[in-house]
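I opened this entry to keep track of what I looked up, one topic at a time. My notes follow the display.

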Amino acid sequence: LPPVVAGDALVQDPDAIQIQLGYPPLLEFLAAITDQPLYRDDPATAVNPVVIGGWVGMFVTFLNLIPVGQLDGGHILRAMAGSFQETIAALVPGVLFGLAAYLYYWKDYGGNAVVIWAFWGLFTAVLASVGPAQPVRDDALDTGRFLLGLVTFGLGTLCFMPVPVAVG
C-alpha cells in the first residue's frame, strides 16, 4: 500500500511529536522481498498504517514468546526443556534489565525504550517466581515437535527489536 504523507504545516511544526518505530528483522525482510521501503529520506513520508498493524502484531508476538511462566514462550520452553525451564526463566529478567541498562548507559536512549524493557524485566521476574504451569502429561517431545518449538522461538527472535518506539 502507498505510504502516508504528512502536510508541510505538520512537518515544519517545532512542537510536533515525532514517533519512530524500530523495525524487527522479519518486517525488514518482508519489506525487502516486496520491494517496499520502510525507511525514507523524507520526514513527511511514513509507512502505511497496515504496516504499523503488522509491527504491533510482531511486537506482541515477541513479548508473548518470552520464555517465562504462563506466557506461550514459557509453555513451549517447559515442553522442550522440562524442569530446566525454571533455570532459564530465572535468567530472563536479568537479560531484560541488562538490555534496558545497555540502551540507557551505552546507547544513550532514554524514556520509553528503557522503561519498556525495565517494565518487562519486572513483569518476567514475577512470572518466573510463580513458575510455569505443571502439565497433565509430562512426556518428552518427539523430534518433530522439538524442532517446531525451535522454529517458533526463531520466528519470535525475528520479531525482536531493541528499541521498539522512539519518541522525539
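Predicted model: local features only at pLDDT ≥ 70, side-chain atom pairs only at ≥ 80, totals over all residues.

I then looked up the stretches: H2 covers residues 25-33 and H3 covers residues 49-64. Their axes come within 10 Å and cross at roughly 145°. I noted both values, because two packed helices are described by the angle between their axes and the distance between the axes.

Which residues make the contact of H2 with H3? From H2 I listed Leu-26, Leu-27 and Leu-30. From H3 I listed Val-51, Trp-55 and Met-58. I sorted the contact by class and got six nonpolar residues, no polar ones and no charged ones.

Next I took the pair H4 and H7. H4 runs over residues 72-81, and H7 over residues 143-158. Their axes also come within 10 Å, and the crossing angle is roughly 145°. Is the crossing of H4 and H7 left-handed or right-handed? I found it left-handed.

On the H4 side I wrote down Gly-73, Ile-76, Leu-77 and Met-80. They meet Phe-146, Gly-149, Leu-150, Thr-152 and Phe-153 in H7. By class, this contact has six nonpolar residues, three polar residues and no charged residues.

I stayed in H4 for one more residue, Arg-78. Is Arg-78 buried or exposed? Its relative accessibility is 10%. Buried means under 20%, so Arg-78 counts as buried. I then looked up what Arg-78 touches, leaving out residues up to four places away in sequence. The list is Ser-83, Gln-85, Pro-132, Ala-133, Gln-134, Pro-135 and Asp-138.

Then I turned to the loop between H2 and strand E3, where E3 covers 45-46. Ala-44 is found in this loop. Ala-44 has 10% relative accessibility, so it counts as buried. I also checked a distance: Ala-44 and Val-56 are 12 residues apart in sequence, and their C-alpha atoms are 22 Å apart in space.

Asp-35 is found in the loop between H2 and E3 too. Its phi is near 55°, which is a positive value in a residue other than glycine. Is Asp-35 buried or exposed? Exposed means over 50%. Asp-35 has 65% relative accessibility, so it counts as exposed.

I looked up another positive phi, at Asp-108. Phi is about 60° there, although Asp-108 is not a glycine. Asp-108 is found in the loop between helix H5 (85-106) and helix H6 (112-130). At 66% relative accessibility, Asp-108 counts as exposed.

I went back to H2 for Ile-33. Ile-33 has 54% relative accessibility, so it counts as exposed. Ile-33 and Ile-66 are 33 residues apart in sequence. In space, I noted 27 Å from C-alpha to C-alpha for this pair.

After that I read the UniProt record, an unreviewed entry. Residues 112-134 are 83% helix and 0% strand, and the end C-alpha atoms lie 35 Å apart. Residues 146-167 are 59% helix and 14% strand, with the end C-alpha atoms 40 Å apart.

The unreviewed UniProt entry also places "domain: Peptidase M50" at residues 45-86. In the model, residues 45-86 are 67% helix and 5% strand. The end C-alpha atoms of that span are 46 Å apart.

Last, I looked at the whole chain. How many helices and strands are there in the protein chain? I found seven helices and four strands. Along the sequence the pattern reads β-α-β-α-β-α-α-α-α-α-β. The C-alpha atoms fill a box of roughly 60 × 35 × 25 Å, taken along the principal axes.

Of the 168 residues, 32% are buried. The accessible surface comes to about 10400 Å², and 66% of it belongs to carbon and sulfur atoms.

Key: Residues numbered from 1 in each chain as written. Heavy atoms only, no water. Axes fitted to C-alpha atoms, helices over the stretch in contact; angles between N-to-C directions. Helix = DSSP H or I, 4+ residues; strand = E, 2+ residues; numbered from the N terminus. Contact = heavy atoms within 4.5 Å. Nonpolar A, V, L, I, M, F, W, Y, C, P; charged D, E, K, R; others polar. Buried < 20%, exposed > 50% of the residue type's maximum accessible area, 1.4 Å probe, protein only. Areas by Shrake-Rupley, 256 points an atom, 1.4 Å probe, with all protein chains shown as cover. UniProt positions renumbered as here; feature names shortened; annotations may be inferred. Left-handed = near helix turned anticlockwise from the far one by under 90°.
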